[in-house]
Amino acid sequence: MTFDKVYQYNFPTTIRFGAGAIKELPAYLKANGLSRPMIVTDPVIAGLPFLKSIIKDLDAQHLSVEVFSDIHKNPVKSDVYKGTELWDQSSRDSIIGIGGGAALDVARAIVLRVNHREDLFKYDDLIGGDIYVTNDVPHFITVPTTAGTGSEVGRSAIIADDDTHQKKILFSPKLMAKIVFADPVLTMDLPPFITAATGMDALTHNMEAFLAKNPHPLCDGIALEGIYLIKDALEKATNHPDLESRSKMLMASMMGAIAFQKGLGVVHSLAHPLSSLLDTHHGLANAVNIPYGMEFNIAGFEDKFRRIARTLELKEENGEAVVKYLFDLNSKIHIPHHLSEIGVKSEHIETLADLALADFAHPNNPKPVNREDFKQLYLKAL
């Protein structure tokens, strides 16, 4: 494929992918009878030139735009409530999520809350709350600006409790975007750290999805191709970005999110508590933990790791070579090897282990993980 044109993919929703795809947004809104969109984004993106350009294009087509950006980098319930209040006050007719995982999670949660006004966490998928998602939802559009979470193609939002910091999953097929405008040009100006951290998040999604215990050959194939694209693109996108590397990362990010409907694993359960307890960037938390989590998973799953190593085109086709590759990749994109380098202290370990054990991701890990396992993994990574 070339990287200077727009392609359409219809999987799992309609995706307009390629340089310049965002220019199609005003015409799409008008064609669907939408004239009062609310853009949900984060405080950083709210001040960037490309967002102002998007709003200018919408204004030029006489579309009334409201922007909500008062969100935390690790979203909490109160962010969603504030956004819903703005929706109520400003008479909107659609929601456009623009940004990385945080912005898209809040956007999707607001989409849910517009016509579902019980306590937000009543809809927590982990307690069967998806059965209460019965009403219609606003027209929802997503525009990714990072290549990490793949939230643009997802059906769930991860939102934390303001007080306990425990993360909840809001899930329903109704929460999938009607259309995704995936324009790699919007990711061209990402700073190296964000490119690296979000890229390792995408790699974690693909690797953990491939290893997850639920049988799903479709997701396995997607995950391996996602790993292959990242192998070729992440170091280039971080240190010497061009349209090809940014395009490959954006595609691999979406592929990871499609694949992880199969499940995730130990690495995400190690990472989530760092974000909720210490406000660590989610991608960075995954990046530091992934070599240790993958090493934990090797025994008993050597064949799976052989296939990952083959996809990465490593000389040694085994799990140990995959772990070495991950450490080496982190070095090349300037990600630390130890948790102590990102603010974790020994006194945090017990609380982190408790939170990790309570996390939703590790039940799909290929092998069971108990509290002592989490504690030892954190100590090893410290």
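Guide: The conversation below turns to the sheet, the cores and the charged residues.

Guide: This is a predicted model, in which local features need pLDDT of at least 70, side-chain atom pairs count only at pLDDT 80 or more, and totals for chains, interfaces and linings use all residues. Residues are numbered from 1 along each chain as its sequence is written, and side-chain values use heavy atoms, with hydrogens and water left out.

Visitor: What is the order of the strands in the open sheet of 7 strands?

Guide: The order is S1-S2-S9-S6-S5-S3-S4, and the pairing is mixed. Strands (E, at least two residues) and helices (H or I, at least four) are DSSP runs numbered from the N terminus.

Visitor: Why are strand S1 (7-10) and strand S4 (66-68) called edge strands?

Guide: Each of S1 and S4 pairs on one side only. Two strands pair if DSSP finds at least two bridges between them.

Visitor: What makes S1 and S2 a pair?

Guide: DSSP must find at least two bridges; S1 and S2 have 4, in the antiparallel sense, and therefore count as paired. One of these links Tyr 7 to its bridge partner in S2, Phe 17. A hairpin of 3 residues joins S1 to S2.

Visitor: What makes a set of residues a nonpolar core?

Guide: The members are buried Ala, Val, Leu, Ile, Met, Phe, Trp, Tyr and Cys residues joined through side-chain atoms within 4.5 Å. The largest such core has 100 residues, and those with the most contacts inside it include Ile 95, Met 200 and Leu 326. Helix H7 (residues 217-239) gives the most to this core, with 10 residues. A second, separate core of 19 residues includes Ile 22, Tyr 28, Leu 51 and Ile 141.

Visitor: Why is Arg 92 called buried?

Guide: Buried means under 20% relative accessible area, exposed over 50%, and partly exposed in between (1.4 Å probe, protein chains only). Arg 92 has 9%, so this residue is buried. Arg 92 is found in the loop between helix H4 (77-90) and S5. Among the residues that Arg 92 touches are Arg 36, Glu 66 and Trp 87, not counting residues up to four places away in sequence.

Visitor: How do you know that Asp 119 and Lys 77 form a salt bridge?

Guide: A salt bridge is a side-chain nitrogen of Lys or Arg within 4 Å of a carboxyl oxygen of Asp or Glu. The N to O distance for Asp 119 and Lys 77 is 2.9 Å, so the pair qualifies. Asp 119 lies in the loop between helix H5 (101-113) and S6, whereas Lys 77 is in helix H4, so the pair ties together parts that are 42 residues apart in sequence. Lys 77 is buried at 16% relative accessible area, while Asp 119 at 41% counts as partly exposed.

Visitor: Why is Asp 161 said to have no salt bridge?

Guide: The nearest side chain of opposite charge is that of Lys 77, 5.1 Å away, which lies outside the 4 Å cut-off; therefore Asp 161, though buried, has no salt bridge. For charge, Lys and Arg count as positive and Asp and Glu as negative, whereas His and the chain ends are not counted. Asp 161 is found in the loop between strand S7 (156-160) and strand S8 (167-171), and touches Phe 121 and Gln 166, not counting residues up to four places away in sequence.

Visitor: What separates Lys 248 and Glu 244 along helix H8?

Guide: Being 4 residues apart in helix H8, Lys 248 and Glu 244 are separated by about one helical turn. Their side chains meet in a salt bridge (3.2 Å, N to O). Lys 248 is buried at 18%, and Glu 244 is partly exposed at 35%.

Key:
Contact means heavy atoms within 4.5 Å.
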